[in-house]
Amino acid sequence: MEERTVVDPGFGPAGYGAPQSPYGMPGGEATQVLPGGAAGYAQPGYATPGYDVTQQAVGQTCAVCQTPNPPMERYCQDCGFMFGSAANGVTPVADPGEAARLTDATGREFVLESGVSVVGRESVDIVLMDPTVSRRHGQVRLEGTQVIVEDLGSTNGTFVGGRQIRPGEQGVAFHGEIVKFGSVQLTLSLPGAPARPAALPPPSAPQPSSHQPGERGALVAHAVMPDGSEFSLYAGANSVGRRSGNDVVLVDAFASGRHAEIQVSADGQATIVDAGSTNGTFLNGERLAAHAPVTLAPGQAVTFGKTAITVRVAEGSPAELPAATGGDSGAPDPTRALNREDAAPSANATMLP
Amino acid sequence: MESTRIIGPADLGGGFGGGDATQIGGFGPGGYAPGGFDPARTAMGAPPQALSLDVITGNQYAQAGRSASDHILFQLNAGGGMVGRRMPLNLCLVIDRSGSMEGEPLEYVKRACGHVVDLLDQNDVLSVVTFEERVDIVMPARRVVNKGLVKEHINRIQPGNTTNIYDGLVAGASQVASVRSEGYVNRVVVLTDGEPTAGVKDYSSIVGAAGEQRSRGITITALGFGPEYNEELLVGMARRGGGNYYYITRPELIPEVFRSEMEQLLSIVAKNIRLRLVLSRWTDLRQVYGHQPTIGPRTVEVQLSDLDRGATVRILTELALGRRPAATYRVAKAEVFYDDCVTGAFNQRIEADVVFNFVDDAGLVKSGVNGTVQREIEVAGASRNLERTMMGLKTQQLSTAHAMADLQRTQMLLQQAGASEQAAEVGQAIHGLRVGSGDAEKTLIGTVMDLDLGKRK
């Protein structure tokens, strides 16, 4: 029996608790529709006048979720367990409060399963119907009691505790922290797991000095813009995009808010990774695949949207000058210094290798 | 189908309890409250339900002790065999009389409006509004008593200049609102052949106005005529307005489309329809296909279009089912609320349970897959394919040949899934591409709307 229809006639108690047709139940268990027969339900009952005496109106506690139910209910009002439908009895399910889950502002809960749950707007594991959420936005991986959040090249970004998780990065989220996809805020519950350890400063904590060596990587190269101006590139990943929080800010309508990344090794070798930009990143006129690192030859121009940039190895980079100070070379542009401060808290993130 | 339906061709007259006399006699001046639909009076007796709800789960089994997700199809059927009084209409025809409508189109529109008048009776309320740069109330809302006079008004419509859809829509809706009551099927039918060129022109304001009317109980149907109108705008109005969208290719088809809209309006059996899911513990919503649900803690609600006699609407949802020990569970309860347009009983409610058998036997789970639901998932996929093809055509990233190949695939898929009407529409679009008439998108966008809203004939 594939289909079933139960139309509540909606008037009067005539249909209430009356024996109903067997109901798609396998193995004829359907005969035990009403409580009273199953072990453990022997509670003092009273006969309701006008009803068949076998239909005793007893209160019943759900064997699965332990919720007390009013008499005559066919299903547990909380978990939906059909009373008497477990042939061999059931072991109560552990309190669902122990499940790892994300809860949104309306109280809607997304229980996390072990492994990867993809978050997005369409046909994914966790569907968030919000215009600021990309179709495939990010993913959440539950490993034991640890949750790792990643961004899958979303338009509006993925954040853990206020810090942006860039595509390719892995951000650990702790119990009680807010994970944000676009503008949808979800609170992570990891019962039994610790909150963010004090040793790891909360991501929102102010970071007084942002250019300490070792924290961010040393200044190893410069991105030369078409107009001749330069942005500093540090060892490690440098973000490129239209938004002001990027390490290299593009004034280009064709650039995505977060367009790409320039990863620079300690010796100034640059690698370009497109972050899933809308209008693409181009090398020699060819569009790079998103999230695929491509090495940049010295002096070679890379085009983000419509802006062509070359990377110049910094004089006095760690290659020549061991134990570099890592500070900006020359007098830094104050606005750029500000941008750097914005980007700096990435050092606070708990990064996994 | 083993569905049981609690609908019979029962005697509906009984529910009215002597309301017949008032129904006929109550034409006092300004007395627009139709006699037979006093909710206080019609609650007696046990009228049969206008709607029935089938719940079809993608699989009757689920693996015990594991979490899973499954699709559930809710099928809402409007009784086919019912005879009874229909709810009177409160209709406004909003007609574009911009310069481009001059000649044949406007003449056919007048003829079509004349047919509409013929189909109405003196319980119905009609108003006619025209728009160009400015809006004219050709005929304010009134009962259709003197049909000849109404037609005279209509025949006086003259072509003007630009196209002010927004003001036309708002004026039409306010005519309907002036006599609006729960005892009417309230509808505004807008016909246009062009882009908005005067007044408020932006998409979101116009579509927002349509949505606003719907929340007041007035639904909007949008008719697009000819090659120039903005199909996205019209579909937006119809979707948010809870009515229909039609694409009219040639002027001589205008009366036909009016007739088909009227046929539907005159046989509406339920309006203000809402589907509400109450989720059990360990059940979560993944998605409702083609709808924008309102989500609360443990509840999901979707607003549905009015249903005419014999129509079916399908709502496909996906639920995440948490781990449960082996047993039978109601994972969600489905409730449908609606106003019964035949008995005049408001806020009716029917419900059905979404039940899964959680079993240990993986073989059972494999065997329990439901073909109907699988087909519906394919249809939902077809709708996304059509959207992609349309987008490709619009951005010219897809050549005509490629688009035709894509459409042929989708057409086959729809055919196999039993959506033959939609498959035929896709065929029409393929033909349009082949002859280069440039109207494929105007057809397809309506197909996508109907597929998304689960309308199936």
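What follows is a short chat about this structure.

Author: Ground rules first: this is a predicted model, where local features need pLDDT of at least 70, side-chain atom pairs count only at pLDDT 80 or more, and totals for chains, interfaces and linings use all residues. Residues are numbered from 1 along each chain as its sequence is written, while chains are lettered from A and ligands numbered from 1 in the order in which they are written.

Reader: Fine. What's the secondary structure of chain A?

Author: Chain A comes to 1 helix and 25 strands. Those are DSSP runs, numbered from the N terminus: H or I of at least four residues for helices, E of at least two for strands.

Reader: And how much of chain A is buried?

Author: 36% of its 353 residues. Buried means 20 or more other C-beta atoms within 10 Å of the residue's own, exposed means 12 or fewer, and partly exposed is in between, with C-beta atoms placed from the backbone.

Reader: Which residues have the most contacts inside the largest nonpolar core?

Author: F81(A) and L169(B), in a core of 146 residues. A nonpolar core here is a set of buried Ala, Val, Leu, Ile, Met, Phe, Trp, Tyr and Cys residues joined through C-beta atoms within 7 Å.

Reader: What is L169(B) in contact with, leaving aside neighbours within four places in sequence?

Author: V94(B), V188(B), V190(B), I206(B), A209(B) and A210(B). Contact means C-beta atoms, placed from the backbone, within 7 Å.

Reader: Which residues of α3(B) meet α4(B)?

Author: K110(B), C113(B), G114(B), V117(B) and D118(B), and they meet K147(B), V150(B), K151(B), I154(B) and N155(B) of α4(B).

Reader: And what about α3(B) with α8(B)?

Author: α3(B) packs with α8(B), residues 254–266, at an angle of about 25°, axes 8 Å apart. That makes the pair roughly parallel. On the α8(B) side, the contact residues include F258(B), R259(B) and M262(B), and on the α3(B) side Y108(B) and H115(B) are among them.

Reader: How far does α10(B) reach?

Author: Its 24 residues, 371–394, reach 35 Å from first C-alpha to last, close to the 34 Å expected at 1.5 Å a residue; the expected span is 1.5 Å times one less than the number of residues. Its buried residues, including V373(B), E376(B) and L386(B), pack against β1, β3, β15, α11 and α13 of chain B.

Reader: What comes after α10(B)?

Author: Q396(B) follows, with a positive phi near 60°. Q396(B) lies in the loop between α10 and α11 of chain B.

Reader: Is Q396(B) buried or exposed?

Author: Exposed, because 8 other C-beta atoms lie within 10 Å.

Reader: Where is P196(B)?

Author: In the loop between β7 and α6 of chain B. P196(B) is buried, with 24 other C-beta atoms within 10 Å. P196(B) and Y166(B) are 30 residues apart in sequence and 7.8 Å apart in space, C-alpha to C-alpha.

Key
Two residues are in contact if their C-beta atoms, placed from the backbone, lie within 7 Å. Axes are lines fitted to C-alpha atoms, for helices over the stretch in contact, and angles run from 0 to 180 degrees between N-to-C directions. Angles under 35 degrees count as roughly parallel, over 145 as roughly antiparallel, 65 to 115 as roughly perpendicular and the rest as oblique.
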